[in-house]
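Please find below a colleague's note on the model under discussion. It is set out as numbered points for reading beside the coordinates.

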Amino acid sequence: MGNLKLKGKDILKIGYPNNQSVNIALEVMKRNFATKNIHHVKSLLKEILISPENFEKDLTFGQIAEALLSSKKTEKRMLNTNRASFQIFGNNISDEAKNQLYTALKLPVAVQGALMPDAHSGYGLPIGGVLAVENAVIPYGVGMDIGCRMSLSILDTPISYLDGAKDKYEKALAEHTKFGMYETHKSHIDHEIFDRDTFDMIPVLRRLKGKAIKQMGSSGGGNHFVEFGEVEITEEDQQIGLPKGKYLGILSHSGSRGLGAEIAQYYSRMATEQCPLPREAQNFAWLDLNSHLGLEYWTAMNLAGDYASACHNDIHRRLVKAVGGRVKARIENHHNFAWKEIHNGKEVIVHRKGATPANENELGMIPGSMTAKGFIVRGKGNPDSLNSASHGAGRAHSRGECRSLFTQNDIKKELKLKNVTLMGGNAEEAPMAYKDINEVMNAQSELVDILGTFQPRIVRMDK
């Protein structure tokens, strides 16, 4: 953890009580002041000990101050015997996914939940799980890829160009999109997000800033993609502002990259230490939003969400510059996030892990698979789903099952049948890995209205 030779007994000698505050002080100081003189570090610790109330809101020392002021032993939290109210949309959902939601609904902070029709099991909350809680945030309820989102740009380019100038569009995807852990762009725009002082105020963010700059405008592995396709507007909507008809579109799906993943891991670990739960509920450990750590995670999560959005803007900017045309409309929505919202007259924190916000009149994009149509939707604000909808078709087979079920030949046949060109991709993301998007959409007709479709034509994914 650096060169600082600070030990627990040094902190006890300063006068700290023999409890959790010593471990917290040790970790905070080693994380933030690894290269500083030990006498300087001790004098800072003494200052916090004398007046912890002066440091409560400090993003670096707040955690130590809080531990000194509370000095309480961490007690194991018990689950409620009854579940909070919930609703399940759709039938084709595994018992494992349902049981994950049922466990979450027994948390003492749980208020209401829902499962979307694309739901399948995940870590903590199932994918497609929605959970409202009181004044707390659950890092694994948000997920590893914080602020992961869909972004659709509709261009004024004639749709015929996708066939007529196909090589140009393939070349643009090959040269201007980057995927996975190691590919990054050679040049980067100077984005305003990196000027935010949040990066300097929170230690974990300070450490990750360089990585975030490097990965700007890139996409993750797995089910993340960037594709050119055919947009069809079937219902006119004031917000989209386009007449019915066919348009060329760019659709991307990815999140906050290494920044979001490391924020998720770090605060999940912290939550588990602060909030011990029975074994089956360990991944639902929460951070109180009145606590320093809760505030810190909330701030970091929001930054990661904005960073994910900035990445999509950069991807679309690069592609539009490469292929020409003007953006006539843009639709973007995120999942894997937590929002402060009012439901049944009181403020709650709504976690949507792999679920799309579908407030009344809110636009969204729900993709199918690399060969199936996706849908442009407008939310109905259904309170039973906590104003949510699915974020895709949802997996019918796990990644492991796909590797043994589907060959490259199976995928090629399906791609040819649907007239889709694939660059990259693998058996784990085979079109057959996913549920039927039409069935999923039928199961959520109470949640969204359909305004149009997106048919993928040239798809780029991680190799």
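1. Basis. The model is predicted: local features need pLDDT of at least 70, side-chain atom pairs count only at pLDDT 80 or more, and totals for chains, interfaces and linings use all residues. Residues are numbered from 1 along each chain as its sequence is written, and side-chain values use heavy atoms, with hydrogens and water left out.

2. F55 sits in the loop between α3 (38–50) and α4 (62–70); helices (H or I, at least four residues) and strands (E, at least two) are DSSP runs, numbered from the N terminus. With a relative accessible area of 14%, F55 is buried, where buried means under 20% relative accessible area, exposed over 50%, and partly exposed in between (1.4 Å probe, protein chains only). Leaving aside residues up to four places away in sequence, F55 touches E47, I48, F61, G62 and A65; contact means heavy atoms within 4.5 Å. By contrast, L242 lies 53 Å from F55, C-alpha to C-alpha, at a sequence separation of 187 residues.

3. Burial of α4. G62, Q63, I64, A65, A67 and L68 are the buried residues of α4. Their cover includes α2 (20–32), α3, α11 (257–274) and α12 (292–323).

4. Positive patch. On the surface, K5, K7, K9 and K13 gather in a patch of positive charge. Patches are made of residues with over 30% relative accessible area and no salt bridge, like charges being joined within 9 Å and nonpolar side chains (Val, Leu, Ile, Met, Phe, Trp, Tyr) within 5 Å. Of this group, K7 belongs to the segment before α1 (8–14) and is partly exposed at 48% relative accessibility.

5. Salt bridges across the chain. The count comes to 25 salt bridges, each defined as a side-chain nitrogen of Lys or Arg within 4 Å of a carboxyl oxygen of Asp or Glu. One of them joins E134 to K346, with the closest N and O atoms 3.7 Å apart. This pair links distant parts of the chain, 212 residues apart: E134 is in the loop between β3 (127–133) and β4 (136–137), and K346 is in strand β11 (residues 346–353). E134 is partly exposed at 41% relative accessibility, and K346 is partly exposed at 37%.

6. A buried pair. Are the two partners of the R352–E341 salt bridge buried or exposed? The side chains of R352 and E341 meet at 3.0 Å, N to O. Because R352 lies in strand β11 and E341 in strand β10 (residues 337–343), the pair ties together parts that are 11 residues apart in sequence. R352 is buried, with a relative accessible area of 0%, and E341 is buried at 13%.

7. Further charged contacts. K418 and E414 form a salt bridge at 3.2 Å, N to O, and K418 is partly exposed with a relative accessible area of 35%. A network of salt bridges links R395, R399, R403, E428 and E429.

8. Positive phi. Most residues other than glycine have a negative phi. N361, in the loop between β12 (355–357) and β13 (363–366), has a positive phi near 70 degrees and is partly exposed at 45% relative accessible area. N419 has a positive phi near 55 degrees; its place is in the loop between α14 (408–417) and β16 (421–423), and N419 is partly exposed at 47% relative accessibility.

Technical notes: Accessible areas come from the Shrake-Rupley method with a 1.4 Å probe; for residues, only the protein chains shown count as cover. Lys and Arg count as positive and Asp and Glu as negative; His and the chain ends are not counted. The place of a charge is taken as NZ of Lys, CZ of Arg, CG of Asp or CD of Glu.
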